[in-house]
Amino acid sequence: MANRNIYVASELGKIFTHTLKNMAASKIKVTSSNVKEALMDNDEFLNLIKHALAGGEKSELLRYVTPLKGFVPDESLKGVEDAVFDMDKDFSDTLATLLTTLSEHIISMERKQHKMSNFIEDVFTKFVNLQAELSSSFSNSIDFVEKDLELDRQLLGDAEDMHNVLKSEESIDYLRSKMLESFSNFVNTFGTKTDSKQGQLDTISQEYTTVNTELQDYKKQVSKLQSDINKYKTESITDHLTGLYNRKYMDIKLEEEMERYKRMNTPFCIMLVDIDDFKNINDSYGHLIGDQVLKHLANLIKENIRKTDFAFRYGGEEFLVILSNVDERNATHVGEQIRKKLEGTNFNIKDKSFNCTASFGISLISKGDTVEAVINKADDRLYKAKSSGKNKIVAS
């Protein structure tokens, strides 16, 4: 079953990518209904679904809903789950509901990506314009300096003329007229220089104000871009309901942990946590209360693990925790803290109250293990905990 799921997931990704490319080439607008219609007309997709479900029982669709937890909003997936248990809906209706959910999610991601691309392009355009303004201002400054130097040369020439007049042996009248002429030239040149400096200062001040405004605007744009990127990154790796990391990020961290183990021989444990009789909680008190239970357990897990550990929503009411650099005894101690606190929590709903428990399966990485092998060991031990009375931890 695991190999089949991997194959289906891989082929499904290829089909989605190919479908979107064909729609773009045909200039078909990417909308939820158009994506769904394209998939329903795709023989490869329909054959893959038949292969995945091996018989077409609509309850089998739940196998493909669980891995979507954390990627697709819970309220959307709940619609698929409701369709599975609705006696009036057949397999085709239920499959259509699932396709609609997936299509809408794809469209949502496309819109986010498009918005981010436009934003980056806008900031880049502003940056190019700012560079042009700075270059222009620098060029104007060079022109001013050259003109100012030319005026200085004129002033020196006028001063030299006056000096030469004073040294000459001509008559007093001649000296007076030449001095007045030289001095007049000197005053005029000096006045031009002063006016030029004032004009340049005014220009520089105006240009500086403009450039400074552009710089401040650019800083704001970059800051907003960084904020949006961080927000988008956080949303893309976070489960919407519990605030824990999602399965997509879980795959990344498990591979990183495995590489660290191979490189540095640093051990780690996988702890699977599953709420006991969670369906009864949903049936008895409703999905909103069930969601509160999930959030509470997620908070207990976050509060009782270290910053070097990572917690994920594995699917539905099941959680996976990576405990770094610990053995099974230490991992069991962490699990026991969480188990006791959950067992001791009293959930109050108006005039009713209830308690719930969880079962735990723990496995330690061993030489030669793959990521799948470690998870499977933890899953087997979780099953033992469930089948031997629940509300317990099995680590061997």
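1. A residue is called buried when its relative accessible area is under 20%, exposed when that value is over 50%, and partly exposed in between, using a 1.4 Å probe and counting protein chains only. By this rule C356 is buried, with a relative accessible area of 5%, and C269 is buried as well, at 0%.

2. This is a predicted model, in which local features need pLDDT of at least 70 and side-chain atom pairs count only at pLDDT 80 or more, while totals for chains, interfaces and linings use all residues. Residues are numbered from 1 along each chain as its sequence is written, and side-chain values use heavy atoms, with hydrogens and water left out.

3. The chain contains 12 helices and 7 strands, where helices (H or I, at least four residues) and strands (E, at least two) are DSSP runs numbered from the N terminus. Of the 396 residues in the chain, 36% are buried.

4. Contact means that heavy atoms lie within 4.5 Å. Among the contacts in the chain with a separation of 6 or more, 69% are between residues 24 or more positions apart.

5. S324 belongs to strand β3, which covers residues 318-324, and S324 is buried, with a relative accessible area of 5%. Apart from neighbours within four places in sequence, S324 is in contact with E257, R260, P267, F268, R306, T308 and D309.

6. How many disulfides does the chain have? Taking a disulfide as a pair of cysteine sulfur atoms within 2.5 Å, the count comes to 0.
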